[in-house]
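Biologist: Could you walk me through this protein? Keep it simple, please.

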Amino acid sequence: VFTLGLAPAAKANTIISFPGNIDYCCFGPPSGLSFGQTFTAPSDPVLADFRFYLYGGGSTLYVAQIYKWDGSNLSGSALWTSSVINAGFDYNYVTYTAGVTLTPGQTYMAVLTYQPDGTSLGGSSGFGVAVVASGSPPAYFTSSAPRDGGWQCAGGSCSNPESANFLAEFTAATPLPGALPLFASGLGALGLIAWRRKRRVPAAS
């Protein structure tokens, strides 16, 4: 039995963090808002996970998503979407495991929305997202579905933007498992031996 040895799990190489606990309202019903935090992907391109500090009670069904951000709106389709989350918590960090590869230097938005396609996923009450006063890059909210635009800077002023209490962990691109190069060279050597043996077999008379 041949067992392929896998490389050890990658650790976070780059962390983007905006700490702070200033209450900010809201996403989800009945307010009808979606919330997003912009960030620029670092040289380590794999967004392993990210988290928001949320507060509130009740029940909201929502998803977390990653989009490209063009400075005023989302660009293209969602690059990653979580499964539907049933939120029911009070003052807690919520972590979303993404594992999506991004382009270094490109700006993206991490979105929380209860209406990803314009239709509510369900729930009865919204939640707030903690923000940092005078934070940059800015967080945004919209009363529309994320792709429909209408994004406004958190705090109501883009001249003095605020950021969510947000943390994102990035890793380098996953290298090939450590045993693969050795395995490939072994296959090549076996193929060469078989080819040489075939050449030595005399032709039938």
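Modeller: Let's start with a term. Buried means under 20% relative accessible area, exposed means over 50%, and partly exposed is in between, with a 1.4 Å probe and protein chains only. At 10% relative accessibility, Trp151 counts as buried.

Biologist: What kind of model is this, and what do the values use?

Modeller: This is a predicted model: local features need pLDDT of at least 70, side-chain atom pairs count only at pLDDT 80 or more, and totals for chains, interfaces and linings use all residues. Residues are numbered from 1 along each chain as its sequence is written, and side-chain values use heavy atoms, with hydrogens and water left out.

Biologist: What is the mean pLDDT?

Modeller: pLDDT is the predictor's confidence in each residue, from 0 to 100. Its mean for the protein is 80. Of the residues, 72% reach 70 or more.

Biologist: Where does pLDDT stay under 50?

Modeller: Over residues 1-9. The model has 10 contacts beyond four places in sequence for that stretch. A contact means heavy atoms within 4.5 Å. Where pLDDT is low, the predicted coordinates should not be read in detail.

Biologist: OK. How many helices and strands are there?

Modeller: The protein has 1 helix and 14 strands. Helices (H or I, at least four residues) and strands (E, at least two) are DSSP runs, numbered from the N terminus.

Biologist: How much of the protein is buried?

Modeller: Buried residues are 42% of the 205 residues. The protein exposes about 10700 Å², and carbon and sulfur atoms supply 55% of that area. Accessible areas come from the Shrake-Rupley method with a 1.4 Å probe; for residues, only the protein chains shown count as cover.

Biologist: Of contacts between residues at least 6 apart in sequence, what share joins residues at least 24 apart?

Modeller: The share is 84%.

Biologist: Now the inside. Which residues touch the most other members of the largest nonpolar core?

Modeller: Phe39, Leu47, Phe50, Phe52 and Tyr96 do, in a core of 36 residues. A nonpolar core is a set of buried Ala, Val, Leu, Ile, Met, Phe, Trp, Tyr and Cys residues joined through side-chain atoms within 4.5 Å. A second, separate core has 8 residues, including Tyr67, Trp69, Leu74 and Tyr140.

Biologist: Which residues does Phe39 touch?

Modeller: Leaving out residues up to four places away in sequence, its partners include Ile16, Leu47, Ile66, Leu102, Phe166 and Phe170. In soluble globular proteins, nonpolar side chains tend to be buried together.

Biologist: And the rings? How many aromatic pairs are there?

Modeller: There are 14 aromatic pairs. Rings of Phe, Tyr and Trp (its six-membered ring) pair if their centres lie within 6.5 Å; planes under 30 degrees apart count as stacked, over 60 as edge-to-face and the rest as tilted. Take Trp69 and Trp151: their ring centres are 6.2 Å apart and their planes are at 90 degrees, so this pair is edge-to-face.

Biologist: Where do Trp69 and Trp151 lie?

Modeller: Trp69 is in strand E4 (residues 60-69), and Trp151 is in the loop between strand E11 (139-142) and strand E12 (152-153), so the pair ties together parts that are 82 residues apart in sequence. Trp69 has 6% relative accessibility, so this residue counts as buried.

Biologist: Which residues form an aromatic cluster?

Modeller: Among them are Phe18, Phe35, Phe39, Tyr62, Trp80 and Tyr108.

Biologist: Switching topic. Which residues form a disulfide?

Modeller: Cys153 and Cys158 do, with their sulfur atoms 1.9 Å apart. A disulfide is a pair of cysteine sulfur atoms within 2.5 Å. The structure holds 1 disulfide. The torsion about its S-S bond is about 100 degrees, so the disulfide is right-handed.

Biologist: Is Cys153 buried or exposed? And Cys158?

Modeller: Cys153 is buried, at 3% relative accessibility. Cys158 is exposed, at 52%.

Biologist: What about the loops? Where is Asp148?

Modeller: Asp148 is in the loop between E11 and E12. Its relative accessible area is 58%, so Asp148 is exposed. Asp148 and Asp117 are 31 residues apart in sequence and 9.2 Å apart in space, C-alpha to C-alpha.

Biologist: One more. Is Gln115 buried or exposed?

Modeller: Gln115 is buried, with a relative accessible area of 10%. Gln115 sits in the loop between strand E8 (107-113) and strand E9 (128-129). From Gln115 to Val63 is 52 residues in sequence and 8.3 Å in space, C-alpha to C-alpha.
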